[in-house]
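Q: Please take a close look at one strand of this model, its surroundings and the core beside it, stating the cut-offs behind each term.

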Amino acid sequence: MRPDPEGLLPATEPVTLIDSDGAPVTPARAVVPSTPDLVAALGAMITARRFNDQAYALVRQGRLAVYPSSHGQEACQVAAAQVLSDGDWLFPTYRDTAAVVARGVDPGQTLTLLSGEWHHGWDVAAHRVAPLTTPLATQLPHAVGVAHAARLRGEDTVVLALCGDGGTSEGDFHEALNFAAVLHAPVVFLVQNNTFAISVPLSRQTAAPSLAHKGAGYGIPGERVDGNDVAALLAVLGEAVAAARTGGGPRLVEAHTYRMQAHTNADDATRYRDADEVAAWSRRDPVERLRTFLTRRGDVDEARLAAFADDAERMAATLREELATDHRHDPSELFEHVYATPTPQLREQLALLRDEAARDTPAGEASATATTAGGAR
């Protein structure tokens, strides 16, 4: 049966449960998450903020090749990880490193790709977190495939796929939504609308009333949420995940947020946005908003906040140490991760590489190219 078009459309205004001053919004348009969930989210966001700042510093020190910061988008990052069960899957983009860390991946391994050291850093199957993807939206059809496969196996797995507003202009986004709807796949698409696709504002990307409205064209219900309000994100995403898990099919959630720093360290954001706009969004900071809310209610005190800060500092110190370590790899291992059975062309290329390496490596130093744990780092 075709869905009712009216039931597919998002609300006029994004769902907000805690306003920018840290006060509860009444009447609440969704069930406010439990205090333990909110306290856990605050701790994770403090760690995520520290992770962003440390990674940015590592770029300036030359230890990290590039870093697309999610500073200001920590609520989206943390909520995306927190609403999932252990058996669920997360499909991130290049900007979603904080979500990957919140999902439980080692911070150092999370940055392996961005450091240029190796093509990937963690065990995908063990963590149920797909690799970071730099091409826009290419991970979305993969996410639908994993969700569809889980459904065919009779599992209750849900896949949460992240993308940015720029990703919704890509063909893969539309193909993924169409397949997800037709296959009734248990996948939740979370679009982090941070208003710019590098330097292109949203108004130059789409004429749709909102990005959540795009779901209606495929038969997928859409919802809008304040992307700097982690309470609203946990409520809306949690409801979407629950619906997908119980056979309700895919969901599309648009989170309205803002990228406080440049697109990457290679970008000059002052060339396409003004300081007043950045200042306005800084007053909606997701970390301060939740900290104020929980402090006023007496749910966290100075000792708890200090413990969160200490945890974040320990993570940053470990990250610095890991990024300062020189991991030497055998480049021939790159060929081991292309096909289960290498093609003749790959075998030929591998032979050429080994021949060149043998000629360039002085005698007695060949053993120095021994690797660490291969694809695991």
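A: Strand β3 (residues 187–193) is mostly covered, with 7 of its 7 residues buried, where buried means under 20% relative accessible area, exposed over 50% and partly exposed in between, for a 1.4 Å probe and protein chains only. Helices (H or I, at least four residues) and strands (E, at least two) are DSSP runs numbered from the N terminus. This is a predicted model, in which local features need pLDDT of at least 70 and side-chain atom pairs count only at pLDDT 80 or more, while totals for chains, interfaces and linings use all residues. Residues are numbered from 1 along each chain as its sequence is written, and side-chain values use heavy atoms, with hydrogens and water left out.

In a regular strand the side chains alternate between the two faces of the sheet. In β3, V187, F189, V191 and N193 point one way, V188, L190 and Q192 point the other way, and all are buried.

Turning to the partners of the strand, two strands are said to pair if DSSP finds at least two bridges between them. Strand β2 (residues 159–164) pairs with β3 in the parallel sense over 6 bridges, and the partner of G164 in β3 is Q192. Strand β7 (residues 251–256) also runs parallel to β3, joined to it by 6 bridges, with L190 standing opposite V253. Together, β2, helix α9 (residues 171–183) and β3 form a right-handed β-α-β unit; right-handed here means that, with the strands pointing away from the viewer, the path from the first strand over the helix to the second runs clockwise.

The packing can be described through nonpolar cores, each a set of buried Ala, Val, Leu, Ile, Met, Phe, Trp, Tyr and Cys residues joined through side-chain atoms within 4.5 Å. The largest nonpolar core has 72 residues, and V188 and L160 are among the members that touch the most others. Helix α2 (residues 35–60) gives the most to this core, with 12 residues. A second, separate core of 23 residues includes V187 and V159, along with L140 and V144. If neighbours within four places in sequence are set aside, L160 is in contact (heavy atoms within 4.5 Å) with A80, V83, L84, W89, L90, F91, V188, L190 and V241.
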